[in-house]
Amino acid sequence: MSADIKIRLAKTEDLKVIQDLNHELFLSDSQYQDGYNLNWPYEQAGEDYFKGVIAGELGVCFVAEADQEVVGYLAGCLRKPHAAFKTKRAELENMYVKETMRSQGIGGRLAQTFLDWCKSKGAEHVIVGTLAGNDRAVKFYKAHGFDEFEIILRAKI
């Protein structure tokens, strides 16, 4: 790693940079799927979501800092109980690391911090979704202990 990386809980003052990073995630993901609302991170629903995970009301949000600059984030939550599942589950909802900071272990540290948080909350399984075609993300998650669990198909009508 070229920089000293610190993983910490997000704070209210991180909101704007997290919104910007999520916007970058949406731009990146739009190459695999059309129809993204690229402005969502800045709209009221997106802002409310990020405020909620930062505050711990909707889940949790971690940031990665390099030289006191936020270079990545991860947001996730505990899933609501579902009658079809016997175990307590969590979901890694979204994560992004700046392109220039990738392949330095930052994403892995964010993911491990989240997995540790999930375990401390009693979750037995963590799920994450990524878009078909995003082979880099699939490879990343498999390298960090995730395996194929569910396949979601869609039909355009």
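This is a predicted model: local features need pLDDT of at least 70, side-chain atom pairs count only at pLDDT 80 or more; totals for chains, interfaces and linings use all residues.

I started with strand 1 (residues 5-9), which pairs with strand 2 in the antiparallel sense over five bridges. For my own reference, helices (H or I, at least four residues) and strands (E, at least two) are DSSP runs numbered from the N terminus, and two strands pair if DSSP finds at least two bridges between them. Residues are numbered from 1 along each chain as its sequence is written, and side-chain values use heavy atoms, with hydrogens and water left out.

Next I looked up single partners. Ile-7 has Ala-64 of strand 2 as its bridge partner, and in strand 3 the bridge partner of Ala-64 is Gly-72.

Then I followed strand 2 to its other neighbour. Strand 3 (residues 69-78) pairs with strand 2 in the antiparallel sense, over seven bridges. The two form a hairpin with two residues between them, and Asp-67 in the turn has a positive phi of about 50°.

Five strands make an open sheet in the order 1-2-3-4-5, with mixed pairing. Strand 1 and strand 5 (125-128) are at the edges with a single partner strand each, so one side of each has no neighbour in the sheet. On average, neighbouring strands are turned by 25° against each other, direction ignored; the axes behind such angles are lines fitted to C-alpha atoms.

Is strand 2 buried or exposed? I checked, and seven of the seven residues of strand 2 (residues 60-66) are buried, so the rest of the structure largely encloses it. My cut-offs: buried is under 20% relative accessible area, exposed is over 50%, and partly exposed is in between (1.4 Å probe, protein chains only). Both faces are covered, with Val-60, Phe-62, Ala-64 and Ala-66 buried on one side and Cys-61, Val-63 and Glu-65 buried on the other.

Glu-65 made me curious, so I stayed on this residue of strand 2. Glu-65 has 13% relative accessibility and counts as buried, and it stands opposite Val-70 in strand 3. Leaving aside neighbours within four places in sequence, I found Glu-65 in contact (heavy atoms within 4.5 Å) with Asp-4, Ile-5, Lys-6, Arg-8 and Val-70.

Which residue forms a salt bridge with Glu-65? I found Arg-8, with the closest N and O atoms 2.9 Å apart. The pair ties together parts 57 residues apart in sequence, because Arg-8 lies in strand 1 and Glu-65 in strand 2. A salt bridge here is a side-chain nitrogen of Lys or Arg within 4 Å of a carboxyl oxygen of Asp or Glu. Arg-8 is buried too, like Glu-65.

How many salt bridges does the whole structure have? My search found nine. One of them joins Glu-47 and Lys-51 at 2.9 Å, N to O. These two are four residues apart in helix 2 (residues 44-55), so about one helical turn separates them. Glu-47 is partly exposed at 21%, and Lys-51 is partly exposed at 43%.

I also looked up Lys-98, which forms a salt bridge with Glu-69, the closest N and O atoms being 2.5 Å apart. Lys-98 is in the loop between strand 4 (89-97) and helix 3 (106-120), while Glu-69 is in strand 3, 29 residues apart. Last entry: salt bridges that share partners join Arg-8, Asp-14 and Glu-65 into one network.

Note on methods. Axes are lines fitted to C-alpha atoms, for helices over the stretch in contact, and angles run from 0 to 180 degrees between N-to-C directions.
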